[in-house]
Amino acid sequence: MPVSHSKTTRRATLAGLALGCLAVLSPQGALAQAWPAARPITLLNPFPAGGGTDAFARPLAAVLDKQLNQRVIIDNRGGAGGTLGAGQASKMTPDGYTFFVGAAHHTIAPAIYPKLEYDLEKDFVPIAVIAMPPQVVSLSPKALPNVKSLKDFIAHAKANPGKINFGSSGNGSTHHVAGEMFKMLAGVDLVHVPYRGAGPAMQDLVSGKIDVMFDGLGSSAPQIQGGNLLGLAVASEARNAAIPNVPTAEEAGLKGYVVSTWYGVWAIRGTPPDVIEKMTAEIRKALATDEIKTIWANNGSAIPSIYRDDFAKFISAEIQKWGKVAREAKVTVSN
């Protein structure tokens, strides 16, 4: 029996609606919507709040929030020098709404951890280096009130081997390896005290529970500016505008101590390429704003211009560099 025109039309309409529903339910259909209209974006930070990564990730998230007209959330998951959160991030669904905010620490980890749950170069897609502040030797006046300079500190440490401690954001972190490098160059014996992140370590440094940190300027600069810490030396070739009264390590009498840290954003491997391109463009736009430029300057960092392929090459070079330092310092960590 012939099918009426109205029945044919109705069937075609129902079929079209069914296909539309399938498109919305599928990842491709969901991403067909105007990104990021569907839901908030998460930046997973593998360190506790209050550390160097937070000092740059949170202002960036606030600017992206305004640019995208969508919430950008920082999800802090600290532990194991940042490797715990990195492992968790690597297993998340690459739906275009979860990104990873890591640090130089993650290029050190392959050389010192016998087993990692992730591969930085295989499980993530590099998007951008967002900040690159130098390290600074930050001392607690409450812990060592009589130390007034880097020379004083080195002399005091040599007179008290094994009695001075330094905090870090975890075993194998930039702070840890920078401290080991300092020990080798200065010829001193310091005791390493690892924390779950730079934030908790900084709290104990300010209160005098630990003596010194080899920290990034992102978290130390405000404390030095406020008089809570004494900056002994900045580990760069020139003084930093954020703390202009703090000499370079060479000016303070320690040659060769040049160490910087950096922070970057990655996508989870498998994230749609168009979303990665859009996120790259938005981060580039955010880093060009006066708001970010001012905050970065106060935190002692210039605005990097290292994106995508250049970031991938940079990561490979950093893994080689820090691996060499870690091996020479005999830094190892058990999982």
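**Entry 1. Strand pairing**

I began with strand S4 (residues 124–131), which pairs with S10 in the antiparallel sense over six bridges. Two strands count as paired if DSSP finds at least two bridges between them. Strands (E, at least two residues) and helices (H or I, at least four) are DSSP runs, numbered from the N terminus. Within this pairing, I found Ala267 of S10 to be the bridge partner of Val125.

I noted that the model is predicted, that local features need pLDDT of at least 70 and side-chain atom pairs count only at pLDDT 80 or more, while totals for chains, interfaces and linings use all residues. Residues are numbered from 1 along each chain as its sequence is written, and side-chain values use heavy atoms, with hydrogens and water left out.

I then turned to strand S3 (residues 98–103), which is joined to S10 by five bridges and runs antiparallel to S10. Here Val101 has Val265 of S10 as its bridge partner.

**Entry 2. Burial of S10**

Are the faces of S10 covered or open? I found both covered: Tyr263, Val265 and Ala267 are buried on one side, and Gly264, Trp266 and Ile268 are buried on the other. Buried means under 20% relative accessible area, exposed over 50%, and partly exposed in between (1.4 Å probe, protein chains only). In a regular strand, side chains alternate between the two faces of the sheet. For S10 (residues 263–268) as a whole, I recorded six of its six residues as buried.

**Entry 3. Salt bridges**

How many salt bridges does a search of the whole structure find? I recorded nine. A salt bridge is a side-chain nitrogen of Lys or Arg within 4 Å of a carboxyl oxygen of Asp or Glu.

I looked up the pair Arg39 and Asp95, whose closest N and O atoms are 2.2 Å apart. The pair links distant parts of the chain, 56 residues apart: Arg39 lies in the loop between helix H2 (27–32) and strand S1 (41–45), and Asp95 in the loop between helix H4 (83–90) and S3. Arg39 is partly exposed at 36% relative accessibility, and Asp95 is partly exposed at 22%.

I next examined Arg58 and Asp54, which form a salt bridge with closest N and O atoms 2.8 Å apart. Both lie in helix H3 (residues 52–68), four residues apart, about one turn of the helix. Arg58 is partly exposed at 37%, whereas Asp54 is buried at 7%.

Finally, I noted the salt bridge of Arg77 with Asp75, with closest N and O atoms 2.9 Å apart. Arg77 counts as partly exposed because its relative accessibility is 30%, and Asp75 is partly exposed at 22%.
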